[in-house]
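Please walk me through this model, with an eye on its aromatic rings.

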Amino acid sequence: MAAARSALASAGRAANEAVSLVVFMLLDVVEVLLCVVYKVADYMLEGAWRPCYCSSSSSSGAAAASGKIVVSERGGSKVVSMLSSTKLHLEDISDTLYTRPSVLAGAASATRSSPPPSSRRGATTVTVHSAIVQMLRGKIGVDGEGGKQHKPYPSPRWSDCHCANCNPADAGRLFVHVEAPPDGAATEEDVLFIHGFISSSGFWTETVLPNVSQGARARRRLFAVDLLGFGRSPKPADSLYTLREHVEMIERSVIERHGVKSFHIVAHSLGSILALALAVKYPAAVRSLTLVAPPYFPVPRGEVGTQYVLRTVAPRRVWPAIAFGASVACWYEHLSRTVSIVLCKHHRLWELAFRVFTFYRVRTYLMDGFFCHTHIASWHTLHNIICGSAGKIDKCLEIVRDQLTCDVTVYHGRDDELLPVQCSYAVKSKIPRARVKVIDGKDHVTIVVKRQKELAMELEEIWNRQR
């Protein structure tokens, strides 16, 4: 019986690989066609060609300089500046944005012993992808030739939603949900909740926050943010949504604006990366770190970190379904834009249809978070945070281990098909004092949504331990 089961499982894996090969080869063709379609559509509707990452074109350091883009080295990191007004650290940009080989190209390169192009870095030549150059030009409205005016990117774009929730009036700060003590009493400390990828503050405000006790609220302010590009926060069309940009917006919108001095962080999925970056930046202020399903993948020796994480998170398989969705989102820029147009641009219609279909009996806060983003935000955040953080998370974890004394607790659902439970155990291997709690029968979402009362009680225990 065991042999038959093993044979059946092997046959299933082989069938999955064979079907996946055919499906993703077809998607490679569709991606090329969609690239042409969107270039024409963008030109017709916005009056200008818009950059994409399909081509392998790049600007060398010299060429970039002639286009008013200067590449310099400061403190060991390469910095791109344009007309001395826009600066971008090259290490903040993941090469997975523009190095995503097709199925056949990937199979061919796997048979060669030479390292991939992204791992062969010249010591003196710095390249900047042309799409990034064009986005920088659009950001400041100046072209590279003669300093003439460059038409800025419209925001929102024609393919984005134009509703008020998706396009807030205050473009300089994030949307922040704040719950303070009802009597206005002074607080001892604060709590910052950070949501994950294609989500919003509603992930916390509709689940955990209502279950926080009055005693805990009397001593703390509770903050839940919509990250840059998501929910009711700004969604600039000229942003690259790097880790630095996300962290700086949280600082500006929460820490600086509300005078936060001492705080706990509770973060889910992608938000865990931002939580670690904040802890490293504010080591004396962070009282505890609670990471829920952190996307940490230790990179094997000899692997290019960004490419390894891309292949791990998005294995280009049709099954399980969540792997297929992640693969489409990660590997196909224009196909994922099509999905965004269908779902996000028309999110109000989908939400209304769902409410009517369920007779208004089911709350739609998860849909609100899932639909309220732009393709530019999700595409760049996915690559620059999830994939681009490979290697950076190791440094953050080491700093938290060696230089911080705060409590570290990690939660993970045993049935999580998107991020395996090994991610959390890998965090503990870097931070031995971290407590890992694996919850049976819970997945990537229900680790919070289906146990919000229990999680709220456990969080209060964590906060109280640090008093």
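**Rings and the fold around them**

Ring pairs join F193, F203, W204 and W463 into a cluster. The model is a predicted one. F193 belongs to strand 7 (residues 189-194) and W463 to helix 18 (residues 452-465), so the pair ties together parts 270 residues apart in sequence. F193 counts as buried, because its relative accessibility is 0%. W463 is buried too, with a relative accessible area of 0%.

The protein has 9 aromatic pairs in total. One of them is Y38 with W158, a tilted pair: 6.4 Å centre to centre, 40 degrees between the planes. Y38 sits in helix 1 and W158 in the loop between helix 4 (130-140) and strand 6 (176-179), so this pair ties together parts 120 residues apart in sequence. Y38 is buried at 7% relative accessibility. W158 is partly exposed, at 24%.

The charged end of R337 sits over its ring, 4.6 Å from the centre. R316 does likewise with W331, at 3.6 Å from the ring centre.

Now follow helix 1 itself. This helix covers residues 2-46, and its 45 residues should span 66 Å; the end C-alpha atoms lie 61 Å apart, which agrees. Its buried residues include F24, L27, L34 and Y38, along with D28, E31 and D42. Just after the helix, G47 takes a positive phi of about 75 degrees.

Last, the whole protein. It holds 18 helices and 12 strands. Of its 467 residues, 52% are buried.

Methods: Residues are numbered from 1 along each chain as its sequence is written. This is a predicted model: local features need pLDDT of at least 70, side-chain atom pairs count only at pLDDT 80 or more; totals for chains, interfaces and linings use all residues. Side-chain values use heavy atoms; hydrogens and water are left out. Helices (H or I, at least four residues) and strands (E, at least two) are DSSP runs, numbered from the N terminus. Buried means under 20% relative accessible area, exposed over 50%, partly exposed in between (1.4 Å probe, protein chains only). The expected span of a helix is 1.5 Å times one less than its number of residues. Rings of Phe, Tyr and Trp (its six-membered ring) pair if their centres lie within 6.5 Å; planes under 30 degrees apart count as stacked, over 60 as edge-to-face and the rest as tilted. A charge sits over a ring if NZ of Lys or CZ of Arg is within 6 Å of the ring centre and within 35 degrees of the ring normal.
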